[in-house]
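Hi,

Here is the structure I promised to pass on. Have a look at it first, and then read on for my notes.

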Amino acid sequence: MHGLRVLIVEDELVIAMELENLLRGLGCIVLGPAPTVRAALRTLAAERPDVAVLDVNLQGERVTLVAEALREQGVPFVLVTGYGSERLHEEALQDAPHLRKPVEANELARALEILARPERG
Amino acid sequence: MTEVVDTIRQPLLILSEDLRVRSANRAFYEMFRVDRAETEGCLIYELGDHQWDIPRLRELLSEILPQRRTVEEFEVEHPFEGIGEKIMLLSARTLPRAVNRQPLILVAIEDVTEQRRSRWLLEHQKELAEKIVDTVREPLLVLHQDLRVQSANRAFYDTFNVEPAETEGCMVFDLGNGQWDIPELRRLLSEILPSNDFFEDFEVQHDFPTIGHRVMLLNARRVDHLQLVLLAIEDVTERRRVEQEREMLVSELNHRVKNLFAVVRALATLGDDGRSAEEYRDVLLARMGALARTHDLLFESQWRGAELRSLAGMLQPFAGERTEAIDVDGAPVELNARQALSVGLVLHELATNAAKYGALSVLEGRVHLSWQIEDADEGRLVRLRWEERGGPPVTAPQETGFGTQLIRRAFGFELDGTADLAFEPEGLRLEAMFPLS
């Protein structure tokens with residue numbers, strides 16, 4: 001996990017700060033955090049993360065476009081959902097691990113660890 | 001002759017010219033439950049309990065019959081002894097005979113009691129049905145089997161704002177601006193209905209003439225014996241809108257509650273900043289308090305937003321008895337929920353810092369909180385300023401302090417704006433700007 005470059009996409013500052021803290025505590029390098037799809041795509045254009053943490057709902061917008069861009073770049077991601085029984089019907093959001101808010105620290109760490117493993121490419 | 005007459009199912013009487021019964025057929029004896037003895041030879045007016053002794057019948061048989069030769073369908077309504085209330089139609093004619101033979105009169109009696117009763121019932125049922133159709137609050141169309149409108153109820157004319165003239169006789173698919181001319185509905189009415197007898201809850205969403213966009217549910221039922229089709233239409237537009245709104249509200253609520261938990265938890269894990277457990281707890285509780293009070297403002301407006309002045313008002317406790325210590329100056333401006341929550345937290349951090357290390361920590365200190373609304377190309381902006389004066393000499397803050405980070409980042413991160421936090425020797429100064437919509 002050390003030196004792992006993690007992109008955070010989350011629209012609530014306080015929650016983003018918590019994720020930052022958590023990830024930095026694990027030795028990760030934090031990219032972003034980006035509060036909107038536009039900001040996230042801008043960050044991705046400039047830097048390539050190893051993994052990403054995506055809040056599914058960003059100020060009313062779905063994070064789908066970011067997920068698509070990440071897939072294109074071969075960057076795995078974990079989704080964070082706020083709704084209880086949220087339907088992730090978009091293609092780009094399928095087959096990704098997802099966690100519910102509020103996210104448990106060790107849950108997130110574990111999910112990222114799995115995603116970051118070499119065999120996942 | 002007797003055999004022929006006896007085969008006829010209709011009661012028959014043969015009278016002599018003087019209107020006495022020469023003979024009657026079996027059907028007569030059976031219907032009236034009398035026998036030959038009490039019938040033959042009697043005057044027709046004397047039969048039974050004189051049920052045929054009616055002035056009008058006398059008139060017909062005695063006067064008109066000799067000239068006209070036939071009496072058709074003379075109605076007699078009478079409670080007959082032993083057989084009850086009956087309605088009979090009498091037909092009488094003179095039988096031609098050979099010259100030297102006495103003329104005979106043939107009287108045929110038709111029992112139309114059941115017929116009349118059925119017709120009466122039908123009439124009343126029809127009237128009842130029509131009244132029901134008209135009283136029902138839902139628009140109803142009564143169609144012939146060929147799907148032409150036979151009639152519509154008042155509710156239909158009221159709902160669709162049309163007249164009978166443009167409705168009755170028309171094909172259902174031609175009504176209005178063709179709103180019912182939908183392939184699926186055509187199929188249902190023309191194909192399914194004949195074999196399936198009814199269908200329910202067929203939805204039609206359409207821009208109806210005059211009344212605009214509505215969502216309607218249709219129920220249809222075949223009424224075979226009348227060769228009609230009943231079509232009931234329910235306007236569920238309002239209901240749908242309310243349901244959708246409610247769903248959205250519940251969704252929104254779920255989202256907010258989940259987020260709130262996450263925010264509170266985040267606040268709890270952040271900002272310990274090397275404090276003692278007790279101090280940390282107090283700081284955390286204070287932050288949660290600010291969050292709660294901001295939510296109170298939002299509840300009051302049903303989540304529409306909060307006045308910036310009201311958010312500033314939440315800071316009064318920090319000024320304590322020196323109410324003039326926090327000077328608030330700015331025009332009324334309503335922030336949306338997101339903006340209110342962000343700014344609420346930021347103001348809380350600013351005031352907390354001021355009370356601990358800044359202007360509000362000494363008697364002479366003052367905080368000037370002011371804002372202006374500016375018009376820019378993209379819309380309106382809020383320009384906010386927090387200025388501390390008269391406090392203790394300002395030293396460089398804990399750069400990594402949660403509060404300071406929040407103040408610096410909130411406007412850019414959450415509100416699509418900018419913030420400049422300066423620790424000037426005279427006092428801390430924040431200048432922030434964010435778009436209103």
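This is a predicted model: local features need pLDDT of at least 70, side-chain atom pairs count only at pLDDT 80 or more; totals for chains, interfaces and linings use all residues.

Setting aside residues within four places in sequence, Val6(A) is in contact with Leu23(A), Cys28(A), Val30(A), Leu31(A), Pro49(A), Asp50(A), Val51(A), Ala52(A), Val53(A) and Leu112(A).

Val6(A) also turns up in the largest nonpolar core, which has 84 residues. Along with Val9(A), Ala52(A), Val53(A), Leu54(A), Phe77(A) and Ala410(B), Val6(A) touches the most other members there. The largest share of this core, 10 residues, comes from helix 12 (residues 337-356) of chain B. Domain 3 (240-269) and domain 4 (273-435) of chain B each put in at least three residues. There is a second, separate core of 20 residues, with Val142(B), Phe156(B), Ala220(B) and Ile233(B) among them. As background, nonpolar side chains in soluble globular proteins tend to be buried together.

Now for the fold of chain A. You'll find 4 helices and 7 strands, and along the sequence they follow the pattern β-α-β-α-β-β-β-α-β-β-α. Of the 121 residues in chain A, 44% count as buried. If you take the contacts in chain A with a separation of 6 or more, 62% of them are between residues 24 or more positions apart.

The sheet is an open one: 5 strands of chain A in the order 2-1-3-6-7, with parallel pairing. Strand 2 (29-34) and strand 7 (98-100) of chain A each have a single partner strand, so they sit at the edges with one side lacking a neighbour in the sheet. On average, neighbouring strands in this sheet are turned by 20 degrees against each other, direction ignored. Further in, strand 3 (residues 51-55) and strand 6 (residues 77-81) of chain A pair in the parallel sense over 4 bridges. Val53(A), one of the core residues above, has Val78(A) in strand 6 as its bridge partner.

Two helices of chain A go over these strands. Helix 1 (residues 13-25) lies across strand 1 (5-9), strand 2 and strand 3, at about 170 degrees to strand 2. Helix 3 (residues 64-72) lies across strand 1, strand 3 and strand 6, at about 165 degrees to strand 3.

Last, the contact between the chains: 14 residues come from chain A and 19 residues from chain B. Helix 1 of chain A gives the most to the chain A side, with 6 residues. By class, that side has 7 nonpolar, 4 polar and 3 charged residues.

Cheers

Key:
Residues are numbered from 1 along each chain as its sequence is written. Chains are lettered from A and ligands numbered from 1 in the order in which they are written. Two strands pair if DSSP finds at least two bridges between them. Axes are lines fitted to C-alpha atoms, for helices over the stretch in contact, and angles run from 0 to 180 degrees between N-to-C directions. Two residues are in contact if their C-beta atoms, placed from the backbone, lie within 7 Å. Ala, Val, Leu, Ile, Met, Phe, Trp, Tyr, Cys and Pro count as nonpolar, Asp, Glu, Lys and Arg as charged, and the others, Gly among them, as polar. A nonpolar core is a set of buried Ala, Val, Leu, Ile, Met, Phe, Trp, Tyr and Cys residues joined through C-beta atoms within 7 Å. A residue is buried if 20 or more other C-beta atoms lie within 10 Å of its own, exposed if 12 or fewer, and partly exposed in between; C-beta atoms are placed from the backbone. Domain bounds come from an automatic or database domain assignment.
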